[in-house]
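Colleague: I'm new to reading protein models. Could you walk me through this one?

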Amino acid sequence: MTRILIPSGALGLGYDAEALARGVAAKPDLIAIDGGSTDSGPSYLGRGVSKYSRAGTKAEWKGLIAARAEAGCPLVIGTAGTCGADSTVEWLYEITVEALAELGLSARIAVLKSEQPKERVADALKEGRVTPLPHAPEISADLIRSTTHIVALAGAEQIAEALETGADIVIAGRTTDTAIIAALPLMRGDHAGAAWHAAKIGECGALCATNPQSGVIQIDIDGEGFTVTPLADGAHCTPHTVSAHMLYENSDPFILYEPGGHLDVTAARYAAIDDTSVRVTGSVWVPSERYTVKLEGARVAGYQTLLLATVRDRRYVENIRAWVDDIASRHAQRVANRMGLGPEDYACELRIIGVEATLGPLETRREAPAEAGVMGIITAPTQERANEIGKLLNPFLLHHPLTREEEQPTFAFPFSPAEIDRGAIYEFCLNHVMELDDPMDAFSLEVRDA
Amino acid sequence: MPELGSIVEKVRSKNAGPFWLTVDIFCGSPEVYARVVNGLSSERVARLFRVEEATLKRFDIAVLHVVKFSLPRPAIQGTAHDRDMHGAGWAPLLAEVEIN
């Protein structure tokens, strides 16, 4: 039996300290926490930075380092620093060294890196070892070279390598969310289907329970199945909350692909042990013939400038679409006249907040709101150009009249200057897997004593 | 006819990675589940999200009283045309369809 303690769905979200202490007292074999996700968009991988604040990350991580020392078991973080690039692994390593010193502790740290040299991926593409997943964008060697960062998602094999060094703390770059939980039970010969299924249920912390914000859960994996127990006061797992968690952020609720195979939970059975814990059996791990790791890559997709105006005048709100369309065509003419630029040189979108900003052309509701915001989003190959185009939009958003006859209106700008330069925007440009002969071929492992 | 969101427990949408969106309808009871399975066609959902019906994955999960749809994201996450980084804002589109 292997007991894994999971403090929360991600480092940076906070965890219940009392519940964590309860978990430590129950003698876990490993403490695992996820450090990232693609869920907040491509900018983090594009820049190689963390989404969460350094101060918040350090406070939470320090608590887990102390918990690990007390429990005497390894602490593993996957996808360190949101994106799991080499730069965020080193960022968390630096935080770890500071935290250890402040706690008066020392530790052996295994650093597992997942970032990919572009030429490795370009060569693999040429050799036919890079395969698209459903709905993947077209790629080429040139596109691969245009990325700012590419990471491969490590699986249980690479985490196992890191644990085998005898490390107290494993700081891993990009991994699958599940690998950090599944690795140890797999190493110890527990049921493979149970190990992966437990990992999927546990990877978001207490999201598989009632009181999902409480974070901390404990999972026991054995030779036949697993048992999941939330540790916060008042949190309960039921067969419904646990099985429903397979739906979450999963395009297929029964199949989960991992490096080296897939998990099939079609035949899984969920049973309440008491009013808190749930026992799961019947999950199946299906090994694959090829060993593949998923790739994520991001590249610069231009530079943006934003403008925001709010419109409260009833007649303008009632005619907001016509007003915005008129501005869009006049602004395009002015950009052509003043800057000599056409539609192929930049993009300008006027998104109407209060009317269609979330759903765009898919919107089905048609009621007039009390007010509307107009967000101008300008994307161009350079920041200077985007800002110039924004400055040409500014007078329209401030003063454009619905009709020629009326006195010049003025609308509300919440900011000065009205143009907000966003810097580079990034796009995810890979949804592919790369085949490896050996799981460690695309990853590096280093042990440091701190 | 009532809106879907008014007869079920919850409709939620979320990213399933940067390229896919997944929408879960928690019906709450066998009766409502049957009503949703029978009353909400895949063709209608595909039209609502403006995707080819062939690209829409549908899961009718009786044991959970859940109907789940997964589809290519209306815009790839984080691109200039994307309106919703986390994908949660698409749920009301489905919650507001009328159902028998």
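Modeller: A residue is buried if 20 or more other C-beta atoms lie within 10 Å of its own, exposed if 12 or fewer, and partly exposed in between, with C-beta atoms placed from the backbone. In chain A, buried residues make up 50% of the 450 residues. Keep in mind that this is a predicted model: local features need pLDDT of at least 70, side-chain atom pairs count only at pLDDT 80 or more, and totals for chains, interfaces and linings use all residues. Residues are numbered from 1 along each chain as its sequence is written, while chains are lettered from A and ligands numbered from 1 in the order in which they are written.

Colleague: How many helices and strands are there in chain A?

Modeller: Both are DSSP runs numbered from the N terminus: helices are H or I with at least four residues, strands are E with at least two. Chain A has 13 helices and 20 strands.

Colleague: What is the order of the strands in the open sheet?

Modeller: Two strands pair if DSSP finds at least two bridges between them. Here the open sheet of 10 strands runs β12-β13-β9-β8-β1-β2-β3-β7-β4-β20 in chain A, with mixed pairing. At the edges stand β12 (269-272) and β20 (444-449) of chain A, each with a single partner strand, so one side of each has no neighbour in the sheet. Inside the sheet, β9 (residues 225-230) and β13 (residues 278-281) of chain A are antiparallel over 4 bridges, and A:Thr227 has A:Arg279 as its partner in β13(A).

Colleague: Why is strand β17 of chain A largely enclosed?

Modeller: Count its buried residues: 7 of the 9 in β17 (residues 372-380) of chain A are buried, so the rest of the structure largely encloses this strand. Strand β15 (residues 291-311) of chain A runs antiparallel to β17(A), joined by 9 bridges; there, A:Leu308 partners A:Met375. Strand β16 (residues 347-353) of chain A also pairs with β17(A) in the antiparallel sense, over 7 bridges, and A:Cys348 sits opposite A:Ile378.

Colleague: Which residues have the most contacts inside the largest nonpolar core?

Modeller: A nonpolar core is a set of buried Ala, Val, Leu, Ile, Met, Phe, Trp, Tyr and Cys residues joined through C-beta atoms within 7 Å. The largest one has 160 residues, and A:Ile159, A:Val170 and A:Ala172 have the most contacts inside it. Domain 1 (2-297 + 431-449) and domain 2 (313-411) of chain A both contribute residues, so this core lies between them; the domain bounds come from an automatic or database domain assignment.
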